[in-house]
Amino acid sequence: MATKKKKKHQFPTAYTVIIIVLLLVQLLTFVIPAGNYATIAYDTSNKDFVVTRPSGKKYKEPATQATLKKYKVNIAVKKFKDGTIYKPVAIPNSYERINLKKPNLWQAINQFFTSQVQGIAQSVDIIAFVLILGGCIGVVHANGAINSGMQALSKKIKGKQVLLIILVMGLISLGGTTFGLAEETMAMYPILIPVFLLAGYDTMTVLGTIFLGTSIGTMISTINPFSTIIASNTAGVNFARALPLRITMWVICTVVGMIYVIRYAEKVRKDPTKSVVYDQYEEDREKYLNDADFNKPANFTWQQKLSLIIFGIAFIVMIWGVQQKGWYFTEISVVFLTAGYLMAIFSGLSEHKVVQAFVDGASDLLGVALTIGLARAVSIVMDDSHTSDTIMHFFSQQISGMSPLIFIWFLFIVYIILGFFIQSSSGLAVLSMPIMAPLANVVGIDRASVIDAYNWGLGFISLVAPTGLILMSLMMVNIDFSKWFKWCWKLLVIEFVLCLVALGVGLLVY
C-alpha cells in the first residue's frame with residue numbers, strides 16, 4: 001500500500017503577504033479613531049503659507065518667520081521658500097478627532113479592491129522604471145552579452161570572491177547613506193545574480209549584499225536629503241553637528257553587515273548544502289547561468305561589449321542624476337529607455353528579436369511591478385481613514401515625561417512601529433518631527449537624538465516590513481520571506497542592540 005506523501009508547507013507569496021497586511025490595516029481602521037493634525041505648507045504660486053485645519057478648512061497666512069513662531073513650528077522660513085521643506089508640516093498640539101463615518105461592509109470591500117487599483121495607478125512611475133529596466137536586461141541577455149561577460153569574468157574573480165561582497169555592499173551602503181539609494185538597486189539584481197552564482201555563492205548572498213547594503217545605508221543616513229536633512233530641518237536643528245556619531249555608526253553597521261554576509265557566503269561556497277536556499281540550487285543556476293560553459297574560451301564580440309558598456313553608463317547617469325539633479329523615476333526611466341534604444345541599434349539583433357527580447361524582459365519583472373503597486377495600497381487606506389495622525393498622537397502622549405534614556409529607547413521603538421505603516425522617510429519626517437522634536441526639550445535631551453531614533457527605527461523595520469522594499473527584492477531573487485527572516489534574524493538582533501547603544505551614547509555626545 002502506497003504511503004501518502006505529506007504536503008510540504010509553503011510560505012505565502014509576496015502578493016498574499018501584502019494582501020494580508022492590507023486586510024489587517026483595514027481592520028485597524030475600524031478600531032482606530034480618525035483624526036488629523038493641522039498642517040502648514042508653502043504655496044509657491046502665491047508666495048504665502050496655507051494652513052489646513054484638522055477639519056480640512058484652509059486659509060492663508062503671510063510667509064514669515066513670525067507666522068511659523070505663532071504656530072510653534074521651529075523651522076527657518078527660508079527652508080520653505082527654497083524648497084527644502086516641500087511637504088505640509090504638522091503643527092504641534094493641533095491634533096483633533098474628526099467626524100469620519102466608518103465604512104459599512106460593502107464600502108470596506110469596495111475600498112479593499114479600489115485601493116489596490118489606485119496603488120498601481122499612483123506607482124506608475126516606479127512601475128514604468130521596473131518594466132523598462134526589465135526590457136533592457138532582456139536585450140542584453142538576448143545578444144549573449146551577459147553570458148560572454150560572465151565567461152570573461154570567471155577567471156578574474158577566482159580567489160577574490162569576497163571582494164565582490166565588500167565592494168558592492170560598500171558602494172550601495174554609501175549611496176544609501178548619502179542620497180537615499182533604494183528602489184534604484186532593483187536594476188542591480190539581474191546583473192549581479194549571475195556574477196555571484198559564478199563566484200560559488202547563492203541568491204541569498206546576492207539579496208544580503210544588495211538589500212542589506214541599501215537598508216543599512218538608508219537606516220544610518222548621514223547626509224541623505226530625503227531623511228536626515230529634511231528631518232533635521234523640520235526639527236529645527238543643524239544636521240552637521242551630529243555627523244561624527246552617525247558616520248561612526250554607519251561604518252560599524254556596514255562592517256557588521258559585511259561580516260554577516262561574508263561568513264554565510266563563504267560557508268555556502270565551500271559547501272552548497274549549507275545554503276538557506278539549497279532547495280533551489282540547481283534551478284537558480286539553470287535560470288541565471290543558462291547552462292553556459294565557462295570553461296570554454298570567451299567569444300566576447302564588440303556588440304556584446306558595447307551593450308554592457310551602454311548598460312553600465314546608464315547606471316552611472318542614473319546615480320549622477322539622482323544625487324546631483326534630484327531626478328526621480330520618470331527621469332531615470334528615460335535614461336534606461338534611451339539605453340534600450342541604443343542597445344537595440346548596436347546589439348547585432350534583428351528588429352523582431354530586439355522587440356521580443358524587450359517584451360520578454362519586461363514580463364519577467366511584471367510581478368515586481370505589481371508588488372510595488374499593491375504595497376502602495378496600504379498607504380492609501382491609511383490616508384483615506386485618517387488614522388496615521390491618530391497613531392502619532394497616541395505615541396507622543398505615551399513618551400512625554402520619561403527619563404532621557406528610556407525616552408529615546410522608547411522613541412526608537414515607536415518609530416519602528418510608525419515605520420511599518422509609513423515607509424516614506426520624508427513623509428514620516430514632516431509628520432512626526434514637529435510633534436516629537438519638542439518632546440526632547442521636555443526631557444532635557446538634544447533634538448539630534450530624536451533624528452537618530454527616527455532614522456534608525458524606520459530603517460530597522462524596513463528590513464522586514466512588507467510595505468517596504470523587501471518583498472520586491474525577494475521577488476527579484478525568487479526567495480520566500482520565511483527564508484529571508486530565517487537568514488537575517490540574528491543580524492536584526494545585532495542591529496537592534498547597536499542602535500540602543502548608539503542612542504545611549506548620543507545622549508552623552510550631543
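**Notebook: helix pairs and a sheet**

I began with a helix pair and noted that H19 passes H20 in a right-handed crossing, where a crossing counts as right-handed if the near helix is turned clockwise from the far one by less than a right angle, and as left-handed if anticlockwise. The model is a predicted one, in which local features need pLDDT of at least 70 and side-chain atom pairs count only at pLDDT 80 or more, while totals for chains, interfaces and linings use all residues. Residues are numbered from 1 along each chain as its sequence is written, and side-chain values use heavy atoms, with hydrogens and water left out.

I then looked up the geometry: H19 (residues 425-443) and H20 (residues 447-461) pack at an angle of about 145 degrees with their axes 9 Å apart, the axes being lines fitted to C-alpha atoms over the stretch in contact and the angles running from 0 to 180 degrees between N-to-C directions. Among the residues in contact (heavy atoms within 4.5 Å) I listed Leu-428, Met-433 and Met-436 of H19 and Val-450, Ile-451 and Tyr-454 of H20. By class, this contact has eleven nonpolar, three polar and one charged residues; Ala, Val, Leu, Ile, Met, Phe, Trp, Tyr, Cys and Pro count as nonpolar, Asp, Glu, Lys and Arg as charged, and the others, Gly among them, as polar.

I turned next to H5 (residues 124-142) and H14 (residues 329-346), which pack at about 20 degrees with their axes 9 Å apart. The two are therefore roughly parallel to each other, a label for angles under 35 degrees, with over 145 roughly antiparallel, 65 to 115 roughly perpendicular and the rest oblique. Their crossing is left-handed, and the contact includes Phe-129 and Ile-132 of H5 and Phe-336 and Leu-337 of H14.

For the sheet, I found four strands in the order S4-S3-S2-S5, forming an open sheet with antiparallel pairing; two strands pair if DSSP finds at least two bridges between them. The edge strands, S4 (58-61) and S5 (89-90), each pair on one side only. Five bridges join S2 (residues 39-43) to S3 (residues 48-52), and four join S3 to S4. I noted Phe-49 of S3 opposite Tyr-42 and also opposite Glu-61 in S4. In the hairpin of S3 and S4, with five residues between the strands, Gly-56 takes a positive phi near 105 degrees.

Last, I counted 22 helices and six strands in the protein, as DSSP runs numbered from the N terminus (helices H or I, at least four residues; strands E, at least two).
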